[in-house]
Amino acid sequence: MSPRRPEPRTLVRMRTQRQIVDYSLQKRALLRDVLSGRVGTYEVCDASPYLKNAARFHGEPTDRRCPICRRENLTLVHYIYGDELKQSAGQARTRTELPVLAMTFREFQVYVVEVCRACSWNHLVEQFLLGRDGLSDDSVGAGAETATAVGSSASGSSASGGGAPATKRRRGARR
């Protein structure tokens, strides 16, 4: 029998996951302030009903107890944000949906929030980028596409249209 590797805290590292920001030090400082009495529990146990519903329907249960009430296990909620997502931006998604979305969209931000459904404790655990732009095979091609998209969007055309519509507009404006 081989020794088991400990599971990661939140998300299995995906191929496209990058720019990871961990908020565990901030959480420890906040909990220290709560335990010392400098910050009240009403200030930290303030999850909105929307966040609690997202935890209920889209959350990933963990085996860690709530650091405030210690009655219930925490639930992780993954929120996605990005320009390409359009109406889906700001929605909670399950962990199993993230790899599919990462291969569908070029780039989007994921925020992982831990929530206690009993006392409403919530805290941002981590954030990271996902998307096809993070694939190492496409990094050369994606970099060129990104530069084209940035250059064309700065001139007023859409990223999918390339540079031609911007050139026509500039010529038309000179006449």
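View 1. Helices (H or I, at least four residues) and strands (E, at least two) are DSSP runs, numbered from the N terminus. This is a predicted model: local features need pLDDT of at least 70, side-chain atom pairs count only at pLDDT 80 or more, and totals for chains, interfaces and linings use all residues. Residues are numbered from 1 along each chain as its sequence is written, and side-chain values use heavy atoms, leaving out hydrogens and water.

View 2. Lys 27, Leu 31 and Val 34 are the buried residues of helix 1. Seen down the helix axis, they fall within an arc of 55°, so they line one face. The arc is that of the directions from the helix axis to the C-beta atoms. Buried means under 20% relative accessible area, exposed over 50%, partly exposed in between (1.4 Å probe, protein chains only). Exposed Leu 25, Arg 28 and Arg 32 sit on the face turned away from the buried side.

**View 3. Packing of helix 1.** Its buried residues pack against helix 2 (41-44), strand 5 (108-115) and strand 6 (122-130). Contact means heavy atoms within 4.5 Å. Gly 37 follows helix 1, with a positive phi near 95°.

**View 4. Gln 109 in strand 5.** Gln 109 is buried, at 16% relative accessible area. Leaving aside neighbours within four places in sequence, Gln 109 contacts Tyr 79, Ile 80, Tyr 81, Gln 127, Phe 128 and Leu 129.
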